[in-house]
There are 2 protein chains.
Amino acid sequence: MTIIDGKATADIIKKEIAAEVEQMVNSGAKRPHLAAVLIGHDGGSETYVKNKILACQACGFESSLVRFEDDVTEAELLACIDRLNRDERVDGFIVQLPLPRHINKQRVIEAIDHRKDVDGFHPINVGRTALGLPCFLSATPMGILELLKRYNIEMTGKKCVVLGRSNIVGKPMSQLMMQKEHGDTTVTVCHSHSRNIADECRQADILIAAIGMPGYVTADMVKPGAVVIDVGTTRVPDASRPSGFRLSGDVQFDEVAPLCSAISPVPGGVGPMTICMLMLNTLAAAKGIYYEK
Amino acid sequence: MTIIDGKATADIIKKEIAAEVEQMVNSGAKRPHLAAVLIGHDGGSETYVKNKILACQACGFESSLVRFEDDVTEAELLACIDRLNRDERVDGFIVQLPLPRHINKQRVIEAIDHRKDVDGFHPINVGRTALGLPCFLSATPMGILELLKRYNIEMTGKKCVVLGRSNIVGKPMSQLMMQKEHGDTTVTVCHSHSRNIADECRQADILIAAIGMPGYVTADMVKPGAVVIDVGTTRVPDASRPSGFRLSGDVQFDEVAPLCSAISPVPGGVGPMTICMLMLNTLAAAKGIYYEK
C-alpha cells in the first residue's frame, strides 16, 4: 500500500517552480506576483493566506496582501479588485473565501479579470474547465490530478467515484476525471441525495471523498486495491493540540488504508497540493500561458 | 410504457411562448429577435437553420439570416459577430455549426457576447451551467430536462447514466443531472474508453444515450422500468426515403421500448425539443432574464 504524500510532492513542485523562476529572472523577466485579498480575521482564512504567502516565498514569487475589516462594503471590495485587475505588476490574485454575508460572493468572483483568476473560480475558467480547454483549474481538483499523475495511478477506463458535488471540488473534479484530456475514467458523482452510496463506492477503482464529513468512508465501502483520495479537512475539537483542533478527513484512514493500493492521508495529502497548484497557476499567469496578457 | 413525445411537447411550449410574446407586444415591447449565421450549403445545416426560422415564426419572433459562402474568412465572420453583438434589434444569435476547417470554432464561439449566446456555448454560459447558476443552457440537455419535468419523471436520488461526453450534450447533461437545482440524481458518465458499459447502463433508472452510434443500446443493457432518452440523430442511408436517409437513434427502440417505463423515440423525441429550447433562450434574452441588457 502506497501513502500518497502530498507534502513531499508539493515540496518537489515548489522546488521545480523556484528553479524555473530563477531562470526567468536570469533571463530578465520579472518575478511572478500573487496578491491576496483578506477580509476580517477568521482563523482558517488567516492560516490559508499566511501559507499562500509562505509558498510564494518558497517559489521565488513576489506576494502582496490587501486587508479589509469585516465591515468593508461590497463597493470598496470591487474597487480593490478593479485596481488589482489593472495593476500590471500583479500577475494573479485571489480573494480569500468565505466573504462576509453582506457581500455577494458571485459578484466578487465575476469581477476578477479571468486572466488573473488563479483560483479558477470565474465562470470563464469554470466553463473552459468543463470544456477541457486550457485555463486556470480550480486548485484542489488540479492538485488531486497532479498527485494521481505523479504517483502513476492508471486512470484511463477505470471507474472513479466522486463523493460530493461542491463547486470547488466535486463538480470540477468529476469533469476533469471524465475528460479524455485528463482522467479519462468512467465517473460517478454521489451526493447528499444519492441512494446506495456504499454500493457506488465499492465499485470505485479510484474513490475521491470530498463531502466534509469526518470518517464517512469506512472499510466496507472500499473495493480491495482501490486508490482513495481524501479531500476532507474538517476541523474537529482536540484538546490535546495547542490549536485546540485537528484536521479530520472524510475517510476512516486506519481501517481503509490496509485495503488500498494507494491512499492520501489527512493532513499531508491533498491539502499541501492545493496551495502548490495556486503557485503553478500564478506561474502560468506570469508566463501568459492560458490568456494573452 | 409511455412514449415521451417531444414533438407534441415542443408544440405546446411554442404555443406558450407565442402567447407570452403576444402579451409582450400588446404591452408595447418589441418582438424577440433571433439571428442565425449560416456558412456554406451543408444539407444538415440548411435544414437546421430553416427549422429554427420556422420555429421563430411559430413563436411570433422576428428572425434574420446572415449567409456566407464556404470561403468566408475568419475575420469577416468575426466582424459579422461584432455587428450582431452591437445590434440592439437582435436579442440573441447563433452561428450554425459545423464551421469550415479554416475557421477557429472556439474563437468564434468566444467572440459572441455571452448575453446574446442563446446556444449556450460561450464559456461564461458553460461555466454558469456547471455552477448551477441561471444562464443560457445548451439546448439539447435543456430540452431533455424539460421533457423529464413535463412527463413528471421522478429524478431526485435516482441513478442516471449518461452515454457520451460531448461538449454540447454529454458533459452539460451530466452536470445538470447531478445538480440540486436540476436533476439531483446520482450520475455516471460513460464514454469510448469506459469498461463494462452494459453493466453501468443496467444500473440506470434514467439512461440518456448521446454517443451517435445507431442502435448501440440493446435490451440487455436496460433495467426493466427504466426511463430511456435517445439523443442519437445519425443520418443513415435509406433508399426508400425521398431524402435518401433516415434519422437513427442510439437505442434499439423496438426491443428496448417494451422494457421501459418511458422512452423518447427518434425522430420525434429530443430533436424537436432542442429547437424549442433555443426559442426559450431567445425569449429569455429578449426579457433580459439572465443578464442585464
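Tutor: A crossing of two helices is left-handed if the near helix is turned anticlockwise from the far one by less than a right angle, and right-handed if clockwise. This is a predicted model, in which local features need pLDDT of at least 70, side-chain atom pairs count only at pLDDT 80 or more, and totals for chains, interfaces and linings use all residues. Residues are numbered from 1 along each chain as its sequence is written, while chains are lettered from A and ligands numbered from 1 in the order in which they are written.

Student: Is the crossing of H6(B) and H7(B) left-handed or right-handed?

Tutor: Helices (H or I, at least four residues) and strands (E, at least two) are DSSP runs, numbered from the N terminus. The axes of H6 (residues 139–150) and H7 (residues 170–178) of chain B come within 8 Å and cross at roughly 40 degrees, where axes are lines fitted to C-alpha atoms, for helices over the stretch in contact, and angles run from 0 to 180 degrees between N-to-C directions. That makes H6(B) oblique to H7(B), given that angles under 35 degrees count as roughly parallel, over 145 as roughly antiparallel, 65 to 115 as roughly perpendicular and the rest as oblique. The crossing of this pair is right-handed.

Student: How many nonpolar residues has the contact of H6(B) with H7(B)?

Tutor: Residues are in contact if their C-beta atoms, placed from the backbone, lie within 7 Å. H6(B) contributes B:Pro141, B:Ile144 and B:Leu145, and H7(B) contributes B:Pro172, B:Met173 and B:Leu176. Ala, Val, Leu, Ile, Met, Phe, Trp, Tyr, Cys and Pro count as nonpolar, Asp, Glu, Lys and Arg as charged, and the others, Gly among them, as polar. By class, the contact has no polar and no charged residues, and its count of nonpolar residues is 6.

Student: Which are the edge strands of the sheet in chain B?

Tutor: Three strands of chain B form an open sheet with parallel pairing, in the order E3-E2-E4, where two strands pair if DSSP finds at least two bridges between them. The edge strands, each pairing on one side only, are E3 (62–68) and E4 (92–95).

Student: Which residue of E4(B) is the bridge partner of B:Ala35?

Tutor: Strand E2 (residues 33–39) of chain B runs parallel to E4(B), and 4 bridges join them. The partner of B:Ala35 in E4(B) is B:Phe93.

How values were computed:
Contact = placed C-beta atoms within 7 Å.
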